[in-house]
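Welcome! Here is a short briefing to read alongside the structure, taken topic by topic.

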Amino acid sequence: MFSGCENIVKGRIEIDKTGFIRTVAFDKSKENDDNMKLTFALKGKSGGGNAKESGSSGFSIISEEGKTIFDANRKVRTFVSKNIFWGHMVFILIGEDAAKDDIIKYLDFATRNQDIRYTLNVMIVKGATGEEAINKIRTKDITVTETLSSLIDNAGDVSVSSKLELGEIVQMLDSEYSCVYIPYIELVNKIKEEEDGKEVLEPSLEGYAIFKDAKLIGYINGGTSRGANWVNNKGDTGTTIVKDSKGKDICLEIINIKSKTIPEIKDDKIKVKIEINMTSDVTEYEGREDIFKEKALKDIEKQQEDIIKNEVKSAIKYAKEKEVDFLGIGDAVYHKYPIEWEIYKKKWPKTFKNLPISVDVMTKINRTHNITQPTGMKEGNKK
Amino acid sequence: MFFEKKGKDELKEDDLKKKEEVESKEVDLKKEESKNSGGKVSIEKIKEKLGKSVDFACKEFYVNSNKDLPVAIVYINGLIDSLKTSEFILQPLAESETLKSAQTPQEVIELIEQGALYYSSQTKREKDEDVIKDVIEGSVALVFGQEGIAFTFDLKGFERRSISEPTAENVKKGGKDSFVETLRVNTATIRRRIKTPDLIIEEKVVGKQSLTQLNIIYIDGITNMDIVNSIKKRIDELDIDEVLSIGKLDEHINEKKYSVFPQIDHTERPDKFCTDIIEGRVGIIVDGLPMGVIVPAEFAKLLQAPEDYSEDPIIASLIRLLRYFLLMFTILLPGFYVAVTTFHPEMIPTELAMAIAESKEGVPLPIFFEVILMLVAFEILVEAGLRLPRTIAQAVSIVGALVVGDAAVTAKLISPGVVIIIAIAAIASYAVPNQDLSNAIRLWRFIFVILCSIIGLFGLIIGVILIIFDLAKMETLGVAYLEPFVENKSMQIGDSIIRLPFKFLKYRPNFLKTSNKKRLG
């Protein structure tokens, strides 16, 4: 009866005819250097073509190459029965090859399309293509998107990486003097498990991929990327391990950390001071000493200060070596000295390389959680 | 032959008409005579008018068995209390010592006027029409044919329903009585609640055939007389055969006749009725209808329930806010669902969108048709439930809602999302205290669904603009429908979307333009 009424109104698409995609991978084609490859997982039956059913979760993974991303997207529609809807996209994974090629080329579609939101997250896949990531990440009882979301949500716990939205990345790409850093994932096999005889991997959020002129030049991780996070105020919490007088480990949890980049121009010379204020709690202690004495605390604070300072310095060292200002120092100078900046702007990478940057860390240990003195502390040590 | 016969008939009819005209002229002349000569009531005239009906009773007898004093008693069987009639009228006429002294009919009339018959509501009538009117309303008439004078005694004694609990408007705290069909019982209930002598109960008779009594109730010194006068004027203008259903009155009082939104409030609760009258509104009670009509009723008033005034102000305010929220919910939800699922999938959270898409998979109809289908099905259930006997209605709603609904979902004719949405909207619509308003909203719900199915959320916004336009241009008896929200001087929000403690509600609603503005102090 209603078969004639299917398309009375233009622009009406029934929700069950809409294919929601949440994680999408942009890659460089392996066959043709000029082509781009689009990969995504689609829920439900989606027709023939290159689609293959993966696992029991009812997702099929669809890949298609095209001259551009949009071209590939249109080609997908020739064999997928659903209307691809980009509005719910949360993750863009970019393969290493594509990142080395030119990231702007790949992100342009995402920034131009009206459906795609600027709040989605962009990630680089280290040492693999995005397609591989989507194919190999475990999907038995949790989708790729959910796995990646939890990684991003937990990023603050270790502060080696962070959530970066498409909007922020575009802003960095637009800036003439600062360089882009994008969180990267590495495919690891920490949870030993197989899925239908197929090797499965887990994504691990390790640090940042560093870009210069929109091309990938390297990765930072561990302390270096933590240092970058402290400077960029992207870090949340983390742990530092210090030692007591007898060489036993004390684990400190960073509760609060804030940094401030203060540039100063004196006699046409720029000096930059990075001030970091932090507080931390003692969460674990291996020894049996009473470390909550002024002297011991001072010592612990000093050690922590050094750790943080070293991390920041290592980030600065990396930035200076590669001449990439991903620490927002150029920004800080511009905001404080907008007129003088015009002079420094053009030769900023060179200036940045020889910029004297000093790091000040103010650290304070606040609390000790439930107990002050360690269990089993000898009476004699109490004095 | 046939035609000739008909022609003759017509002629006869014409003759009859002429005769009637002559007669009526004679009657008119007689009336004038009677006016001049001071009273001309004749039993023959009364018999001629009423005698064709079986329930008419006329009995002629003599006062104290004195053949010089003939008198007739006239009444309608079933309307009067026969016990009282024989006790207070017939017995004194036959046995009274005072009346024994009377020798002429004039003397009897004088004695009755002086109280020989000890019944309180006694009226002396000198015209046939008045007597007939009284008799029809349930009086017993004592006609002195020779003198052309009659006495009518209000001895109504017909079967009436006793005051029972309200059926549609139940409240936890509050009076348990309700209006009944008998007008005087209702006015008595009101008098018992509003004892000020300023309470005015004015009577009008409407309906050419039904001659229904209708009382306009207001408080002198509070109510804005402009409202009272325009109601009276409109009731006088009412040219109608009968007022046996309330709509006949409503439609005439309504200023804007083509809006589905009610501009008049009805209640079966005397306490609510009285509160509104004291607030400065005008009440109308119609004989034979167990409800009070309150005019003017603005939008905010229709969303107030009597409980609001017996609950804690904070609770009452929250419930009112909830009611406004649910009102919007029930109007907009089905349309919104159609809009977001067919035009704006980005508006739905991803997980939910995927869940909806999954449940919709395999359902042949577009969501728009599903929603319309379910809304119509709901209306059918409501209508069927109203018509059927109460016991069967329950079974029908169970079969309709549970069995058919569940089967339709299982058979993938309707997606479960739509069923949930319509169920929520249906339940929400019953949170509106006024049933007429709820009906109006149910109609608008369809308009919203259709608008949304054409242009999505833009349609929703257009619908909202249309509904506000419709509401904003309405006015009843000089009171804007969207009061107090459109008041430009001092918006009395205190008793609208919230209900403040009574000590803050110092003034009567200013849009009613009451003569006495202060409620407190």
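**A helix pair, a sheet, the cores and a contact**

In chain B, the axes of helix α14 (residues 367–387) and helix α15 (residues 390–410) come within 9 Å and cross at roughly 165°. That makes α14(B) roughly antiparallel to α15(B), the term for angles over 145 degrees. This is a predicted model, in which local features need pLDDT of at least 70 and side-chain atom pairs count only at pLDDT 80 or more, while totals for chains, interfaces and linings use all residues. Residues are numbered from 1 along each chain as its sequence is written, and chains are lettered from A and ligands numbered from 1 in the order in which they are written.

**The helix pair**
- Helices (H or I, at least four residues) and strands (E, at least two) are DSSP runs, numbered from the N terminus.
- Axes are lines fitted to C-alpha atoms, for helices over the stretch in contact, and angles run from 0 to 180 degrees between N-to-C directions.
- The crossing of α14(B) past α15(B) is right-handed (the near helix is turned clockwise from the far one by less than a right angle).
- B:Leu381, B:Ala384 and B:Gly385 of α14(B) meet residues of α15(B) including B:Val396 and B:Gly400; contact puts C-beta atoms, placed from the backbone, within 7 Å.

**The sheet**
- Chain B has an open sheet of five strands in the order β1-β2-β4-β5-β3, with antiparallel pairing (two strands pair if DSSP finds at least two bridges between them).
- Its edge strands, β1 (56–62) and β3 (122–125) of chain B, each pair on one side only.
- From one strand to the next, the twist averages 20°.
- Three bridges join β2 (residues 70–76) and β4 (residues 139–144) of chain B in the antiparallel sense, and B:Ala72 stands opposite B:Val143 in β4(B).

**The nonpolar cores**
- A nonpolar core is a set of buried Ala, Val, Leu, Ile, Met, Phe, Trp, Tyr and Cys residues joined through C-beta atoms within 7 Å, where buried means that 20 or more other C-beta atoms lie within 10 Å of a residue's own.
- The largest nonpolar core holds 171 residues, and A:Phe26 and B:Val371 are among those that touch the most other members.
- Helix α12 (residues 313–342) of chain B gives the most to this core, with 10 residues.
- A second, separate core has 29 residues, including B:Ile43 and B:Val108.

**Where the chains meet**
- The contact takes 18 residues from chain B and 17 residues from chain A.
- On the side of chain B that touches chain A, the largest share, six residues, comes from α13(B).

Terms used
Buried ≥ 20, exposed ≤ 12 C-beta atoms within 10 Å, placed from the backbone. Parallel < 35°, antiparallel > 145°, perpendicular 65-115°, else oblique. Contact = placed C-beta atoms within 7 Å.
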